[in-house]
Amino acid sequence: MGLPLSKSVVAQAALILTILLFLTRHVLRQLAIRRFMARTGSKLPRTIRGSGFLGLRMARESDKALQRGDYLALLRSRFAANGHTYQGSILGIPFTATIEPENLRAVFTHIDDFTKSGRMTDWWPMLQGGVLVADGSDWKMSRAKQNLLKPAFAHQKRASHKSLAALEDHIATRVLSRIPQDGATVDLQALFLDYTFHAGLSILINQDSSSSTAAHEQSQQRDMLENMQLALFEAGRRAKIGTLRLLDPVVRPRKYWRYLKACWGIHAYFDHVIDLRLAELDSRMARDKVLGKSEEDGGFFDGLADATRDRVQLRWELSTAVAGSKDTMAGLLAHIFWELARRPEVWSRLQAEVDGLGGRMPDDEDLRGGLTYLKAVINEALRMYPTIGITFRWAARDLTLPVGGGPDGKSPCFVPRGRRVITSFNALHRRPDLWGADTDEFKPERFLETIKIIPKWNYLPFGAGQRICPGQHFAMIATHYSVVRMMQTFRRIEARDPRPYAEEAGIPITIKHGALIGLYTS
Ligand code: HEM
């Protein structure tokens, strides 16, 4: 009969066994990595210098830059100092950063290898499904296989006359009529944020949000706007701090609770609107059937409802579309006018082109390509200030990127599974070797004269590959339209903010202090 083992001996044995298992797993993983790297000829990229213990110095630097509003400039300087592909870790969580066009082609075209898996937790609980955060078959369901979004955007395109009417209605009441005509200072960015949010509600979910809307509905919309502002800010923060967000309920319980409430408020708003819209759609269809006339194209919402009647899926897709369109377009417009106010020669040339319309409203054709200088202005603003400045993917397995490995950055670059891959469209668009020494200057002419053909992977303001922005067409039409209407209304512009440019690096990028401008009608 053996002696009974004491509890402490059992505990020690269990501990030793766990450590052994852990070490064995670690050694086996390292061997597998070595074999993989030898087989693929890949190497690790350079490691960022001066990031401090566990990347703490880098985290502190980032935090300060975020507060100052020059975080994107800091990222650019890191690429300049460490090469176009490098690796590091923030608080022990490793990442690989790259702005090599060849690597971006690999990341954005191999969507099953470079996934958005981490996005779901960044956006939780605001979005738990829908095209923005889904991967694999769920994403295909949203965007490709069952064409959930395709018909929605196609309906919206066919109903573009309605979209233009909604844009006109909102820009007239929410922007043009609110700008003092005597040159008194106004924050254009604030007006654009209000405009694009309400135009988005009208166009994407047929939600009447004009000034004649019932008071209780206006107040619901205001609450939703506030909730979405807060939730978008938090989602951006959660993405930047990674797994540290798990501490939020303990470290900042009040803010965390407010964030949850904002997300639930957004859900409740969309659920309510979806019920209303589906009921309207059904009664319209029943009426059309009785009258025997073909039903009118109702735009984006009808397209979505054609593809699915699943209310939760509709909630994710609609809130994604509203969140995706809201500040991206306002941010772009604000940056365009921030630059126009500082570039009289660009303003004059643009004015001359818009004057060519003879004061009439721009139609589909003008917006689709007749206004070449305007297009160059918008392209240049998207180059210097892409409103999605940074994006992330996660490696689904051990992978290689075409370049960036080894001390000279020329070998294939090893990316271990689970690794977060970061890219900055902002830094890509400011690479002097791709864009010239004047890369920090706003020069629309480069899109007309200097660069005849831009290599595709050097310029990605709307992303690329299968996950390219599905709202790109709408965003471009709406931006062209809005700039034309501003130029037709005002003859002179002045910058009213002597402070240097500073960004608010949320999702998406806006101008920290707004776009303080003076405008004159004569
Ligand atoms: C100036 C305006 C806009 C810019 C600069 C912009 C930019 C982008 C970029 C860069 C991406 C890809 C992000 C990534 O790959 O991680 C993206 C994705 C997306 N955008 Fe936009 N966007 C704009 C307007 C819009 C509008 C108006 C909508 C909707 C009506 C929209 C809806 C979406 C959606 C749903 C996705 C996710 C697509 C997917 O993952 O399959 N965006 N956008």
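This briefing describes the ligand shell, the sheets and selected residues of the structure above.

The model is predicted: local features need pLDDT of at least 70, side-chain atom pairs count only at pLDDT 80 or more, and totals for chains, interfaces and linings use all residues. Residues are numbered from 1 along each chain as its sequence is written. Helices (H or I, at least four residues) and strands (E, at least two) are DSSP runs, numbered from the N terminus.

**Ligand surroundings**

- Of the 22 residues around the ligand, those that come nearest are G324, S325, G463, C469 and G471, where a residue is near a molecule if its C-beta atom, placed from the backbone, lies within 6 Å of it.
- Two or more residues of this shell are given by each of the elements α14 (311-340) and α20, and α14 contributes the largest share, seven residues.
- Sorted by class, the shell holds twelve nonpolar, eight polar and two charged residues; here Ala, Val, Leu, Ile, Met, Phe, Trp, Tyr, Cys and Pro count as nonpolar, Asp, Glu, Lys and Arg as charged, and the others, Gly among them, as polar.

**Residue C469**

- The UniProt annotation "binding site", from an unreviewed entry, covers C469; UniProt positions are given in the numbering used here, feature names are shortened, and annotations may be inferred rather than shown by experiment.
- C469 sits in the loop between α19 (432-435) and α20 (472-489), and it counts as partly exposed because it has 17 C-beta neighbours inside 10 Å.
- The burial classes rest on C-beta atoms placed from the backbone: a residue is buried if 20 or more other C-beta atoms lie within 10 Å of its own, exposed if 12 or fewer, and partly exposed in between.
- Leaving aside neighbours within four places in sequence, C469 is in contact with F462 and G463, contact being defined by C-beta atoms, placed from the backbone, that lie within 7 Å.

- Strands β2 (residues 85-90) and β3 (residues 93-98) run antiparallel and are joined by six bridges, with A97 in β3 as the bridge partner of Y86.

**Three-stranded sheet**

- A second open sheet, of three strands, has the order β5-β13-β10 with antiparallel pairing; β5 and β10 each have a single partner strand, so one side of each is left without a neighbour in the sheet.
- Two bridges connect β5 (residues 186-187) with β13 (residues 516-520), and V186 stands opposite I517 in β13.
- Strand β10 (residues 492-495) pairs with β13 over four bridges, with R492 opposite Y520 and A495 opposite I517.

**Buried elements**

- Helix α13 (residues 300-307) is largely enclosed by the rest of the structure, because seven of its eight residues are buried; these are F300, F301, D302, G303, L304, A305 and A307.
- R430 lies in the loop between α18 (425-429) and α19 and is buried, with 21 other C-beta atoms within 10 Å.
- Not counting residues up to four places away in sequence, R430 touches R76, W435, T439 and D440.

Notes:
Two residues are in contact if their C-beta atoms, placed from the backbone, lie within 7 Å. Two strands pair if DSSP finds at least two bridges between them.
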